[in-house]
Amino acid sequence: MSRLAPRAGLAAILGALLIITACAPAALPERATETEPSPPRKDQLVLRPASYADLPGWRDDRQGAALQAFLRSCDKLLRRASDATLGGVIPGTVAAWQGACEAAGARDIRDHQAARLFFEDWFQPYAARNNDQDTGLFTGYFEPELRGAEEPNDEYNIVLYRKPGDLVTVSLGRFRDAFKGERLAGRVVDGALLPYPNRREIDGGALAGQNLELVWVDSAVDAFFLHIQGSGRVRFQDGGTRRIAYAATNGQPYLAIGRSLIARGALTRENVSMQSIRAWLESHPGEAPAVMQENKSFVFFRWLDGAAADLGPQGAQGVALLAGRSLAVDRRFLGLGMPIWLDASAPDIDPARPDRTLRRLMVSQDTGGAIRGPVRGDVFWGTGREAGEVAGRMKHQGRYWLLLPRGLDASSLIN
């Protein structure tokens with residue numbers, strides 16, 4: 001459990017946020033000319049009521065698997081206060097979801113037809129758009145496995161850190177509605193909230209001497225990709241394994257280093273993937289540290305043990321993710337625990353074969369720093385090499401429908 005910041009420190013944080021808001025420059029008068037491009041439109045979730053007949057492939061899915069994922073989310077939703085909000089911009093309270101959760105507990109996840117009828121009975125589908133754009137980017141992620149040791153040596157000398165006690169995370173929406181969904185992280189120094197050290201500074205020893213070392217691994221590249229995936233398994237020399245899970249981030253901006261490698265001419269837009277990025281980093285050990293440090297974001301971890309760990313890695317909702325059924329979303333727009341019908345495509349496990357259609361019911365159970373936008377998702381593909389092969393090459397356009405409880409008033413989002 002992390003320690004809370006001192007009262008004076010929290011007051012300083014609030015004061016700093018108020019100062020930032022008060023000092024924001026006033027809006028400049030519009031001076032656009034015919035030759036100037038229009039400013040980009042602000043992301044906005046827009047819904048349109050639909051029917052299950054509009055969902056391509058709906059009757060061909062095995063919804064029992066999605067019901068299994070939904071029941072895991074329900075374990076959390078039923079524990080929340082009924083007057084709490086689900087999250088994002090979704091209207092209503094958790095109470096609207098709890099009735100469906102109670103009904104779901106009586107269904108057999110092995111009976112896919114019964115599961116399909118459950119969702120049809122309890123939920124109304126809505127086509128999701130970002131303003132007038134109904135498609136977005138869908139990527140994949142997986143649970144990597146690293147080799148680790150409890151003590152450092154010449155081979156195991158890359159450290160994974162636990163969450164520092166002085167790391168403070170601030171949900172800006174608690175202070176200003178305009179900042180809803182935005183977060184800051186830092187530490188309080190002399191009464192002021194300052195940015196936490198970035199990846200380069202931490203690699204250089206910014207956290208040394210604080211007893212924050214959780215485990216040592218044998219590959220800086222593996223550790224870097226664990227930071228991107230957010231969770232994984234560590235296999236020790238005696239053959240034992242432990243799941244390692246996301247605990248916090250330093251709050252620094254996330255940068256996809258594939259962009260840097262494209263800018264360098266090392267990769268092209270056509271061949272950039274997790275596999276090609278990894279191959280470049282491993283074949284350029286002298287340049288790799290500086291490239292990885294361009295991503296200032298740094299993740300802290302914790303051990304995940306017990307029955308929950310046996311089910312799978314844990315997502316942001318605090319439930320075990322289910323391969324092929326758990327979806328990471330942008331929490332500025334969507335809450336966690338929502339059924340979502342996905343219509344996209346995905347790479348085949350064999351790179352030589354064409355992409356395959358991906359139409360299935362998923363549940364929003366995770367998030368990530370690179371998941372930005374109302375129509376954007378990251379599919380969890382599971383654990384191991386095959387899952388990594390698919391996840392690493394997935395960067396496909398797709399669309400989705402949100403399944404909202406019947407009776408929930410979504411008129412504020414309909415256009």
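The expected span of a helix is 1.5 Å times one less than its number of residues. Helices (H or I, at least four residues) and strands (E, at least two) are DSSP runs, numbered from the N terminus. The model shown in these views is predicted, so local features need pLDDT of at least 70 and side-chain atom pairs count only at pLDDT 80 or more, while totals for chains, interfaces and linings use all residues. Residues are numbered from 1 along each chain as its sequence is written, and side-chain values use heavy atoms, with hydrogens and water left out.

**View 1. Helix H2, residues 63-77.** H2 has 15 residues, which should span 21 Å at 1.5 Å a residue. Its end C-alpha atoms lie 20 Å apart, which agrees. Buried means under 20% relative accessible area, exposed over 50%, and partly exposed in between (1.4 Å probe, protein chains only). Buried residues of H2 include Gln63, Gly64, Ala66, Leu67 and Ala69. Phe70, Arg72, Ser73, Cys74 and Leu77 are buried too.

**View 2. The disulfide between Cys74 and Cys101.** A disulfide is a pair of cysteine sulfur atoms within 2.5 Å. The count by this rule is one. In the Cys74 and Cys101 pair, the sulfur atoms are 2.2 Å apart. The pair links distant parts of the chain: Cys74 sits in helix H2 and Cys101 in helix H3 (residues 95-104), 27 residues apart. What is the hand of this disulfide? The torsion about the S-S bond is about -80 degrees, so the disulfide is left-handed. Both Cys74 and Cys101 are buried.

**View 3. Pro56 and its contacts.** Pro56 belongs to the loop between strand E1 (45-49) and H2. Is Pro56 buried or exposed? Its relative accessibility is 17%, so Pro56 counts as buried. Contact means heavy atoms within 4.5 Å. Leaving out residues up to four places away in sequence, Pro56 touches Trp341, Asp343, Arg359, Arg399 and Trp401. Gly384 lies 328 residues from Pro56 along the chain, and their C-alpha atoms are separated by 30 Å.

**View 4. Two nonpolar cores.** A nonpolar core is a set of buried Ala, Val, Leu, Ile, Met, Phe, Trp, Tyr and Cys residues joined through side-chain atoms within 4.5 Å. The largest core has 73 residues. Which of its members touch the most others? They are Phe70, Leu281, Leu334, Leu402 and Leu404. H2 gives the most to this core, with six residues. A second, separate core holds 14 residues, among them Tyr156, Ile202, Leu207 and Leu212.

**View 5. Leu404 and its surroundings.** Again setting aside residues up to four places away in sequence, Leu404 touches Leu47, Ile90, Trp97, Trp122 and Phe123, among others. Gln124, Tyr126, Met338 and Ala410 are also touched by Leu404.

**View 6. Strand E17, residues 395-405, and its pairing.** E17 is mostly covered, with eight of its eleven residues buried. Two strands pair if DSSP finds at least two bridges between them. Strand E2 (residues 123-130) pairs with E17 in the antiparallel sense over five bridges. Here Tyr126 stands opposite Leu402. Strand E14 (residues 339-346) runs antiparallel to E17, joined by four bridges. Ile340 also stands opposite Leu402. Strand E3 (residues 136-143) and E17 are antiparallel as well, with four bridges. Phe138 has His396 of E17 as its bridge partner.

**View 7. An open sheet of six strands.** The order is E5-E9-E4-E10-E11-E12, with mixed pairing. Strand E5 (158-161) and strand E12 (299-304) are the edge strands, each pairing on one side only. Axes are lines fitted to C-alpha atoms, for helices over the stretch in contact, and angles run from 0 to 180 degrees between N-to-C directions. Neighbouring strands are turned by 45 degrees against each other on average, direction ignored. Strand E4 (residues 145-149) and strand E9 (residues 213-217) pair antiparallel over two bridges. Ala149 has Trp216 of E9 as its bridge partner. Helix H6 (residues 220-229) lies across E4, E5, E9, strand E10 (231-236), strand E11 (241-249) and E12. H6 runs at about 20 degrees to E5.

**View 8. An open sheet of three strands.** The order is E6-E7-E8, and the pairing is antiparallel. Strand E6 (168-171) and strand E8 (192-195) stand at the edges with a single partner strand each, so one side of each is left without a neighbour in the sheet. Neighbouring strands are turned by 50 degrees against each other on average, direction ignored. Four bridges join strand E7 (residues 183-189) to E8. Gly186 has Pro195 of E8 as its bridge partner.
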